[in-house]
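The entries follow the order in which I looked things up.

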Amino acid sequence: MTVHDDTTDVGAPPDAVETLVPPRRQDELIPPAGTVIDETYEVTGVLGRGGVGVVLQARDQKLDRIVALKIVLPALLHNEDMCQSFQDEARAMARVHHPNVVAVHSFGDLERLDGPRTPYYVMEYVEGSSLRAVLDSNGGTALPVTKVLELIEAVAAGVDAIHDAGAAHLDVKPSNVLVGRDGRIAVSDLGFGTNRPAGNSFVGTPAYAAPELILGAVRGEAARAADVYSLGVMAFELLVGRKPYIARDIQQLLSMKLTETAPNPSELCADLPPSVDGPLLRSIEADPADRPKTAKALARALREATQRGAVQYRGHRVLLVDDDEISQCATQALLEHLGFSVTLAENGQEAVAASQGCKFDAVLMDLHMPVLDGFAAAQEIRKTESGSARVPIIGVTGSASGTDTENALAAGHDLVLQKPFTLDDLRRALAARIP
């Protein structure tokens, strides 16, 4: 089995693609800036390159608009099966009319005097970047949960629209999701899983591909289930900061996908409640029948799981100590969203008194307060505790001084949160300290 591993947004064709055009001529066969295609599309530059095609930016001279124009890589122009699959991709995308799917305007062939014809299709140009670029700019770490849910819901809507049009995507991954400057999320670049080129070649990205897609072409409901799998892998990566399976090569990766259960996402990322584990792991089950039936069903399950996880601390009590009324109200709202019962105190003296009369699961305490500050209050609370009854104390400060953190830890705080902090920051701080 040959693997055409399309893993990057921009780059040379991967080694697994048989080079049928001499390397020195490949770039020569990509229309340079200034080329006018079919007396209409003036090429202005290269937007990206994958394992199968090159996407050019062009100006539609007749309609005076910027478009994206995709052509088959020069290395594959003599592969008739690949060119036919490329044409099928264009027709499939043209049947879809949905805001979360890139629209296809037209299809044609670029005739050359010095080389083979070059199939191309013209898409709307989405100004912005790919989701892969967004992830890379974030250092490859997990994105905020609320942002991920919005992204997955938008991608799921686009994938289901493709399915409703009688097609399948078969290469769902971050580099095939466009994030517009206006916030629009659009799916692009369908894969080749249903019309696989001759020679049992897999054209796609193994890390995101369902195992049955790597092993053979899929159609109908099986193709839709493969898209759900890929969306699940992408959701896992966005939420955790890594893919479900880490393997040294394609053979090991396929074996892991078929025989092993991925690690629980909540154990890899403190931001995630355990309720998210089930929906994510079900989406990447080896058996397609065990996955959610639609992409939207997966997105809905993730949304519901995070909402259930938001009340995972129901029955737990927190002492919130802050003399700033606005800050206190904002933090109280976050704690109650997580399910905590909140007791309020306005200074360190009230905090010490409250802690002696009631057992709390955690204390959130501002460091700078009148009467008794958070440093002294933490010391007083620690004096009255036994080792087995040590309550987690989280200091809160608006100061950027490192001295605050050092003094707070020395006084008995477990950690310090910098104001302003988000729900995810608070969940992360509490997750490792409250069973």
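I began with strand 8 and strand 9 (residues 177–180), which pair in the antiparallel sense over 3 bridges. For pairing I required that DSSP find at least two bridges between two strands. Helices (H or I, at least four residues) and strands (E, at least two) are DSSP runs, numbered from the N terminus. Within this pairing I found Ser130 opposite Leu178 in strand 9.

I noted that the model is predicted: local features need pLDDT of at least 70, side-chain atom pairs count only at pLDDT 80 or more, and totals for chains, interfaces and linings use all residues. Residues are numbered from 1 along each chain as its sequence is written, and side-chain values use heavy atoms, with hydrogens and water left out.

I then traced the sheet as a whole: 3 strands form an open, antiparallel sheet in the order 8-9-10. Strand 8 (128–130) and strand 10 (185–187) each have a single partner strand, so one side of each lacks a neighbour in the sheet. I recorded an average twist of 25° from one strand to the next. Axes are lines fitted to C-alpha atoms, for helices over the stretch in contact, and angles run from 0 to 180 degrees between N-to-C directions. Helix 4 (residues 145–164) packs on this sheet and touches strand 9 and strand 10; its direction makes about 35° with that of strand 10. Contact means heavy atoms within 4.5 Å.

Next I looked up the other sheet, in which 6 strands form an open antiparallel arrangement in the order 2-3-4-5-7-6. Its edge strands, strand 2 (36–37) and strand 6 (104–110), pair on one side only. I found 6 bridges joining strand 6 to strand 7 (residues 118–124), which run antiparallel. Asp109 stands opposite Pro119 in strand 7.

I searched the whole structure for aromatic pairs (ring centres of Phe, Tyr and Trp, its six-membered ring, within 6.5 Å) and found 1. Tyr41 and Tyr120 are edge-to-face (planes over 60 degrees apart), with 6.4 Å centre to centre and 70° between the planes. Tyr41 lies in strand 3 (residues 41–49) and Tyr120 in strand 7, so the pair ties together parts that are 79 residues apart in sequence.

Last, I examined helix 12 (residues 348–357) and helix 13 (residues 374–383), whose axes come within 9 Å and cross at roughly 15°. The two helices are therefore roughly parallel (an angle under 35 degrees). Gly348, Ala351, Val352 and Ser355 in helix 12 meet Ala377, Glu380 and Ile381 in helix 13.

Conventions
Parallel < 35°, antiparallel > 145°, perpendicular 65-115°, else oblique. Phe/Tyr/Trp six-rings, centres within 6.5 Å; stacked < 30°, edge-to-face > 60°.
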